[in-house]
Amino acid sequence: MFKRHSGLSSERLSARVYWLAGLAAVFAFACGLLFSSTPYLHDFGEWMFQGKVLALKLSNPGLVAGYQLAPYPVPNSLATLILAVLNLVFSPLAAGKIFLLALLAAWCAVGWIFCRRYFEEAADAAKAWLLLLCVAGFSSFFWYGFVAYQLGALLFLAFIARYRTSTRLVEIALMGVVIFFSHAMLFLQFGLLVLVAVLIAGFPARHLLALVPSALLSAWFLLGRLAGGADPGSAAAQWAGLFEVVVYKLGTATMLGPFKNFILPDGSALLESLPALYWTGVAANVIVTALLGLLVLVVLVKQFAHFGLVLRTADQRTALQVFSLLTAVFFVVAPHDFFGMENPGVRMLLPLLFASIALLPSNTLRLPAVGVLFVALVTLGSVSAYSVSLMRGDGPNVTFETYETPPEDVR
């Protein structure tokens, strides 16, 4: 998936090719979404429902008197708030579609800002941008409808794109608060990066003061949960032995590849009748994630080889190197259940990938055009399959459950 930097590179593809490949995937998704009745993205329906309820709380609370807002700040709530604001103007389905398209547009913009910071050549920046869009913007979390995580990952990428020794405290503090409300796991990784930057990479000690507002919000949240007697719950399954741990962690990592096989409303899989295409896609996921894992491993090994020099020349690179090492360790040792969140380790992989991509130039490594375009091609295939799934979902043969109208006294 990568090769050593060479001044006489055989690549002659213009950055425009990578831009067109990425925008083609976004355009295909937009077409499928806009011409369908609703976005079918696993958990996203629940997020749209919560957004509508919150919108009614803001505009007509009597209609949703049975729902109560928590009296303390809650992580993972920013996506709900954004959807609620959209619901004040648009219908729930339109609000959901606008949210998804805006999220992808933000991935395009923030990804480009990130890549232009760490890559000097426009073609290298465009390749990294296309890879980020395909693997992170269109990640499994996006297709599962885990929009809180996707929003948090996007904000974390924005933070890495801007974080420097000269970054103002108010900007760090504001980003910490916003990421706190986006996703708890991304907030913990944000805090880890700032701590590493200050304690190891020589960043100003005053940056720690910027963590105070989000730390107070975290304490308020924990105290509120404890006072309310809330039970975080537990995962429905557990690991039994080292073999299951390895298989599960590798399996969830592989699912972050660009190939996706969508389930239709009748419960069948879209590509189950095309086994050759399905297994080709599965192989593509294994190959891509294995090569990305190798990329991360090479970056980590090169850091170990020069770790003493890294610590003596503390800077932004040092912060990302140590952060990536710690994140890789946490992914390996993370338990199956973390306060009700199943497999938190897999949520550390995108930040690890961000840091590794940012470290490519300083490690004299480049992304190959063929590999990146292959990822883009598979991603475009998955997006096209999603559009087909939407059309099948809107077909006349699909039946929906109907429910009786509830009595007046319980409405």
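On a 1 Å grid over the protein atoms alone, a cavity is a set of points where a 1.4 Å probe fits but cannot get out. A pocket is an open set with protein on both sides within 12 Å along at least five of seven lines. Lining residues have an atom within 4 Å of a point. Grid points are joined across faces, edges and corners, and a volume is the space filled by probe spheres set on the points.

This is a predicted model: local features need pLDDT of at least 70, side-chain atom pairs count only at pLDDT 80 or more, and totals for chains, interfaces and linings use all residues. Residues are numbered from 1 along each chain as its sequence is written, and side-chain values use heavy atoms, with hydrogens and water left out.

Start with confidence. pLDDT is the predictor's confidence in each residue, from 0 to 100. Its mean over the protein chain is 84. Of the chain's residues, 86% reach 70 or more. Residues 1-12 stay under 50. For that stretch the model has 37 contacts beyond four places in sequence, where contact means heavy atoms within 4.5 Å.

A search of the whole structure finds one cavity of 30 Å³ or more. The largest cavity has a volume of about 40 Å³. Its lining is made of F119, D124, K127, A128, L365, R366 and L367. Two elements, α5 (122-137) and β4 (365-366), each supply at least two of the lining residues. Helices (H or I, at least four residues) and strands (E, at least two) are DSSP runs, numbered from the N terminus. Helix α5 gives the most, with three residues. By class, this lining has four nonpolar, no polar and three charged residues. Here Ala, Val, Leu, Ile, Met, Phe, Trp, Tyr, Cys and Pro count as nonpolar, Asp, Glu, Lys and Arg as charged, and the others, Gly among them, as polar.

Turn to the open spaces. The largest pocket has a volume of about 1900 Å³. It is lined by 46 residues, and V74, P75, N76, F221 and R225 are the closest to its centre. The elements that give two or more residues to this lining are α2 (44-59), α3 (78-87), α7 (147-162), α8 (169-182), α9 (184-199) and α10 (212-228). The largest share, eight residues, comes from α2. By class, the pocket lining has 33 nonpolar, eight polar and five charged residues.

Next come the rings. Rings of Phe, Tyr and Trp (its six-membered ring) pair if their centres lie within 6.5 Å; planes under 30 degrees apart count as stacked, over 60 as edge-to-face and the rest as tilted. The structure holds 29 aromatic pairs. One of them joins F159 and F190 edge-to-face, at 4.8 Å centre to centre with 65° between the planes. This pair links distant parts of the chain: F159 sits in helix α7 and F190 in helix α9, 31 residues apart. Both F159 and F190 are buried. Buried means under 20% relative accessible area, exposed over 50%, partly exposed in between (1.4 Å probe, protein chains only). Ring pairs also link F159, Y163, F180, F181, F187, F190 and F203 into a cluster.

Finish with helix α15 (residues 349-359). This helix is mostly covered, with 11 of its 11 residues buried. Among them are L349, P351, F354, S356 and L359.
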